[in-house]
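Have the viewer open as you read.

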Amino acid sequence: MTDYVPPLRDIRFVLDQLVDIGGLAKLEAYHHADPETAFGLIEESGRFMAEVVGPLNRVGDVAGSTLDGDGKVTTPRGFTEAYRRYVAAGWAAVPFPPEFGGGGFPWLIAVAMQEMMTSACMAFSLCPLLTQGAIDMLVQHGSPAQQATFLEKMVSGEWTGTMNLTEPQAGSDLGAVRTKAVPAGDGTWRITGQKIFITYGEHDLADNIIHLVLARVPEAPPGTKGISCFIVPKYLVNEDGSLGARNDLRCVSVEHKLGVHASPTCVMSYGDAGGAVGYLVGETNQGMRYMFTMMNTARLSVGLQGLSIAERAYQDALRYAQERRQGRAAGSPAGEQPPIVEHPDVRRMLLTMKAYIEAMRAVLYTNAVSIDLARYHHDPAEREARRELVELLTPISKAWCTDVGFDVASIGLQVHGGIGYVEETGAAQYLRDGRIPPIYEGTNGIQAIDLIARKVPMRGGGVVTDLLTQMDLLDRELAAAGPELAGMRAALANGVSAAREATDWLLSRGLAEPSDALAGATPYLRLLGLVIGGWLLARSALAASRLLRSADGSDAVFLREKIDTACFYTEQLLPQAAGLLPAVIAGAGPLYRVDLSTAALG
Amino acid sequence: MNIVVCVKQVPDTALERKLKPGDATLDRAAVDGLINELDEYAIEEGLRIAEAQRDAGADAEVTILTMGPEKAAESIRKALSMGADKAVHLVDDGLAGSDALSTSYALAKVLSGAGFDLVICGSESTDARMGVMAAMLAERLGVPQLSLASKVDTDGSVIRVRRATDEGYDEAEASLPAVISVVEKINEPRYPSFKGIMAAKKKPVATLSLADAGIEPDAVGLLSAATEVVDFAERPPRQAGTIVKDEGDGGVKIAEFLAGQKFI
């Protein structure tokens with residue numbers, strides 16, 4: 001594994017040219033976030049992540065977090081010090097409301113910083129990520145007293161947060177949650193039950209851990225309508241803000257996982273000694289509704305993990321390919337082994353990685369800026385349009401980027417050849433770490449269902465078809481840009497046409513026979529992700545070709561390569577979209593013709 | 001205590017640096033500029049001394065002093081985001097091409113005008129690599145110089161430094177005001193924090209022209225430089241390495257190679 005270099009140039013390009021960070025700073029809520037300030041923050045946090053957090057990645061993977069007999073979890077060497085410095089530098093607070101000690105910066109900026117933290121060390125980044133989810137929940141639904149007690153220390157990162165959803169019988173289906181909450185008579189509740197897969201449920205990075213726990217109150221209706229959300233702190237907090245008694249909860253086990261070894265995935269037991277003290281968030285039985293309000297940002301963050309892992313895998317693969325000498329390049333003299341980057345097949349792998357990375361970054365940052373615009377744009381129509389776009393893009397950000405991110409990590413390992421399969425290179429770690437994002441925060445299958453069952457039908461299909469129309473309109477600009485971008489036009493038009501056909505089929509078929517639409521959900525999500533990525537890269541290429549007229553030196557090289565990468569994506573990767581169409585519109589029939597329900601082995 | 005840290009913006013050492021063919025000065029526009037890495041230790045030490053002074057109940061202030069083109073303002077802002085209180089930026093087209101002698105003249109003019117208790121320099125700049133600025137400044141200002149410090153203590157009136165030598169270290173002390181230079185070993189420079197970056201936007205930066213600083217135009221700049229780059233050539237491309245095949249005599253061959261290059 002080599003050092004992580006924050007991809008500042010591409011991040012800056014996307015911020016300036018694709019998502020218009022300058023326009024964002026014109027909104028009243030973000031006047032302080034002018035592009036220079038925002039980029040200054042990104043640059044400095046990137047340096048911090050690369051130099052302080054980056055070196056933890058490998059050691060964290062090898063050592064992992066460990067649980068001792070007393071329920072105490074120890075993170076790998078270096079984690080507590082790096083986390084202390086992370087809190088001291090104030091990076092955790094950047095996007096949160098100033099009234100709780102936050103910086104009030106756009107979510108877009110937080111996402112750029114999060115990309116770099118996750119690339120530096122994904123296992124480390126999960127602790128702030130979960131805290132961020134808990135903060136979001138309390139900002140939106142906590143009472144003023146709860147906010148005053150918990151938020152400031154969580155925003156600063158001095159205390160961390162967790163989300164306690166899953167139980168052994170309640171995974172994707174949270175309606176099956178059994179953890180109980182009973183009123184204690186003094187306004188607080190007593191929580192009993194067991195939760196699994198609790199990321200950073202116990203650790204040594206912070207003084208207190210604020211658990212958000214889903215549970216059922218007495219006489220709650222069955223299913224998701226009977227879920228309530230509770231704050232259950234590891235240590236109770238005294239009136240004066242100091243830490244009080246240890247709450248009745250403990251970590252009983254830490255999972256042995258495929259990847260993210262440094263991130264303790266805990267089995268948490270609540271109420272072994274009678275009941276953990278909990279505080280109800282909002283109203284009873286509204287827990288699932290509250291969860292949905294923070295789901296978009298959480299899913300975007302997980303999608304980002306696909307990008308972050310891919311970027312790190314690409315950096316390693318590129319450097320390896322530039323150094324490793326092997327074989328004979330076409331036309332080169334015998335006996336002189338060229339670096340493997342000179343072989344066309346290795347080049348294909350590297351360029352594929354690079355192109356997917358740039359497409360993912362474009363999709364994710366577009367999603368992020370839309371969250372900000374949906375909140376703060378002065379025009380209500382634009383707010384609504386952006387809200388719709390966030391709804392549509394979120395499952396794509398989550399599922400497409402984590403699937404592609406894993407694919408890219410796999411290509412990165414392939415570039416290394418046999419040595420990539422050996423742990424010391426680090427290529428294998430990206431593959432292992434990158435395997436969880438497609439699973440958690442709603443599996444990618446669930447994302448595909450969300451896309452076809454909730455998002456595509458929005459406004460009778462209007463949201464997705466409006467987006468496809470916008471893509472068609474780009475063709476005129478591409479045509480005007482001259483022969484350089486001409487190759488993109490047909491490729492993009494084919495992709496959009498496949499997306500349109502697939503969408504029309506889903507819209508009509510989904511109503512008549514839902515199982516047919518569900519059968520095509522995953523290929524549809526991939527198809528739409530590929531096409532949206534192609535559209536955004538084509539827009540990037542347009543911007544780059546405009547800028548290229550007055551650029552020189554290394555800027556010109558960057559812009560030139562931006563265009564060439566976009567051409568490669570649209571002309572060589574995007575055509576997969578049309579290939580996915582038959583799988584989208586095949587219906588459920590073929591999946592049930594083979595009798596897997598009773599199929600015998602052997 | 002009035003602490004001034006001299007900070008130079010230099011081209012990123014990770015990038016290819018070039019001299020301009022016309023006047024053989026560094027092409028600063030062609031590459032990204034950043035704080036001379038060795039100056040970061042000087043900034044950190046200045047901040048630590050100021051913090052210690054304040055903890056002891058004394059007033060202390062850290063000022064960044066930079067001479068350089070407008071672009072150097074980025075580096076000043078960064079030094080302020082690390083925690084320095086204010087900055088002075090000496091910027092004037094007439095300064096372009098100044099050598100070490102005239103640079104020290106200009107900086108000394110600003111320093112003696114503004115006043116100081118302690119001036120801190122990095123050990124050298126990563127572009128010019130002269131390592132003489134602290135000595136020249138001390139000479140021009142008529143104050144003691146303690147160079148290449150790896151540890152600094154001060155009570156506000158006397159300053160003591162430790163300086164590594166081949167055998168161990170020297171301890172030296174001087175009364176303030178004084179000029180010191182520090183080495184990389186002395187500390188670990190802090191990262192600018194989120195709050196520091198935001199606060200830096202509001203910190204005062206005084207911009208001085210030659211006239212503002214009372215510097216005679218003919219005392220600085222390329223034409224009045226006492227040194228001149230007469231000629232330069234691009235670094236030749238790296239040669240392919242020599243491959244020695246070990247046929248049981250590898251050790252001998254390596255020794256011969258090293259002796260041939262006069263390494264042993």
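What follows covers a helix, some salt bridges, a sheet and a surface patch.

## What kind of model this is

Keep in mind that this is a predicted model. The local features discussed here need a pLDDT of at least 70, and side-chain atom pairs count only at pLDDT 80 or more.

## Chain B in outline

Chain B has seven helices and 12 strands. Its C-alpha atoms fill a box of roughly 70 × 45 × 40 Å along the principal axes. Of the 264 residues in chain B, 44% are buried.

## Helix α10 of chain A

Let's start with α10 of chain A, which covers residues 344-376.

Is α10(A) largely enclosed or largely open? Count the buried residues: 25 of the 33 fall in that class, so the rest of the structure largely encloses this helix.

## A buried pair and its network

Now pick out A:R361, whose side chain meets that of A:E311 in a salt bridge, 3.0 Å from N to O. This pair ties together distant parts of the chain: A:R361 belongs to helix α10 of chain A, A:E311 to helix α9 (residues 287-323) of chain A, and they are 50 residues apart. Both partners are hidden away: A:R361 is buried at a relative accessible area of 1%, and A:E311 counts as buried at 6%.

## A pair within one helix

As a rule, an α-helix has 3.6 residues a turn, so residues three or four places apart point the same way.

The two ends of this pair have contrasting surroundings. A:D450 counts as buried at 5% relative accessibility, whereas A:R454 counts as exposed at 52%. Elsewhere, salt bridges that share partners join A:D10, A:E115, A:E311, A:K354, A:E358, A:R361 and A:K562 into one network.

## Across the chains

Over all chains, the salt-bridge count comes to 48. One of them links A:E44 with B:K78, where the closest N and O atoms are 3.6 Å apart. A:E44 lies in helix α3 (residues 35-53) of chain A and B:K78 in helix α2 (residues 73-82) of chain B, so this pair joins two chains. With 9% relative accessibility, under the 20% cut-off, A:E44 counts as buried.

## A sheet in chain B

Over in chain B, three strands make an open, antiparallel sheet in the order β8-β9-β10. Its edge strands are β8 (151-154) and β10 (169-175), each pairing on one side only. From one strand to the next, the twist averages 15°.

What joins β8(B) to β9 of chain B? There are four bridges between β8(B) and β9 (residues 158-164), and these two strands run antiparallel. To find one of the contacts, look at B:V152, whose bridge partner in β9(B) is B:V161.

## A nonpolar patch

Last stop: the surface of chain B, where B:L19, B:V229 and B:F232 form a nonpolar patch. Together they have about 220 Å² of accessible area. B:L19 is in the loop between β2 (9-11) and β3 (33-35) of chain B, and at 34% relative accessibility it counts as partly exposed.

Key: Residues are numbered from 1 along each chain as its sequence is written. Chains are lettered from A and ligands numbered from 1 in the order in which they are written. Side-chain values use heavy atoms; hydrogens and water are left out. The expected span of a helix is 1.5 Å times one less than its number of residues. Buried means under 20% relative accessible area, exposed over 50%, partly exposed in between (1.4 Å probe, protein chains only). Two strands pair if DSSP finds at least two bridges between them. Axes are lines fitted to C-alpha atoms, for helices over the stretch in contact, and angles run from 0 to 180 degrees between N-to-C directions. A salt bridge is a side-chain nitrogen of Lys or Arg within 4 Å of a carboxyl oxygen of Asp or Glu. Patches are made of residues with over 30% relative accessible area and no salt bridge: like charges are joined within 9 Å, nonpolar side chains (Val, Leu, Ile, Met, Phe, Trp, Tyr) within 5 Å. Accessible areas come from the Shrake-Rupley method with a 1.4 Å probe; for residues, only the protein chains shown count as cover.
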